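Welcome! Let us walk through this structure together, starting with its open spaces and ending at a single side chain.

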Amino acid sequence: MIHHMLKKTENCNIDSIRYKDAVPLYQYDTVRSAACYNVLIDQFDVENNERYKIEELADGRKHSWCNIFAADVMSASGVPFTHWVSSDGKPISYETAQNTKGAYECTVWLHQIWLNEYGIKEYGWKKIDAAEAQKRANQGYPTIVLNTIGSHIAVVRPETDDWKYDNNSVIVSQAGAQNFRYSTSELCFKSEELAFFTHD
């Protein structure tokens, strides 16, 4: 019943080539709702998709892909976000970035800079608190949380009967050291200072 309220893409491609933009099966049309937003998030299958699998490097370090997952969900939500960005702060596609001087791929730290310098001023993002972030996600509005040290980002998602906001910790879906379809900001970020952003 919910899927007819979303745009469906014929050439869906959510593969493991992370630097390229995913083409999700479902995207927002005009209706914002918790049920639709859940479909947009869950279509990426964050717990099992090779696209978000932790990469272990030869020197023992690990690469995780929280920024890729967040960018994928925001893209499906139809809001401007920064997987790739031009030198003047414009969100662009991977293909456009290859032919744009000064374009670059965003880390979480660069996401945070972009949100504060461009996202709020030019692209409709709003900075909010935890309670408002959970309320907005519950209504189906694209919402994210980052730590202020710029090392991790997660998607704030609607509450369920089993996952409830507790006046401090919001409900999230994330790729990271562990990939969770459902978790909490308290578990994923520990005691770090957090910043929340939402978009209509």
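A pocket here is an open set of grid points, on a 1 Å grid over the protein atoms alone, with protein on both sides within 12 Å along at least five of seven lines. Please keep in mind that this is a predicted model.

With that idea in hand, look for the largest pocket, which holds about 370 Å³ of space. Its lining is made of 19 residues, and those closest to the centre are Asp21, Ser75, His83, Ile92 and Ser93. Two elements, α2 (66–76) and β6 (91–92), each give at least two residues to this lining. The largest share comes from α2, with four residues. Sorted by class, the lining of the largest pocket has ten nonpolar, five polar and four charged residues.

Now move on to the second largest pocket, with about 230 Å³ of space. Among the 15 residues that line the second largest pocket, His152, Gln174, Ala177, Cys188 and Phe189 are the closest to its centre. Helix α6 (residues 185–189) contributes the most to this lining, namely three residues. Here the classes are six nonpolar, seven polar and two charged residues.

Finally, find arginine 136 in helix α5 (residues 130–138). Is arginine 136 buried or exposed? Arginine 136 counts as buried, because its relative accessibility is 8%, and buried means under 20%. The side chain of arginine 136 reaches the backbone oxygen of histidine 199 at 3.3 Å. Leaving aside residues up to four places away in sequence, arginine 136 touches Lys126, Ile128, Tyr141, Thr143, Thr198, His199 and Asp200.

How values were computed
Residues numbered from 1 in each chain as written. Predicted model: local features only at pLDDT ≥ 70, side-chain atom pairs only at ≥ 80, totals over all residues. Heavy atoms only, no water. 1 Å grid on protein atoms, 1.4 Å probe; cavity = no way out; pocket = protein on both sides within 12 Å on 5 of 7 lines; lining within 4 Å. Points joined across faces, edges and corners; volume = space filled by probe spheres on them. Nonpolar A, V, L, I, M, F, W, Y, C, P; charged D, E, K, R; others polar. Buried < 20%, exposed > 50% of the residue type's maximum accessible area, 1.4 Å probe, protein only. Polar contact = N/O pair within 3.5 Å; in protein donor to acceptor, adjacent residues only side chain to side chain. Contact = heavy atoms within 4.5 Å.
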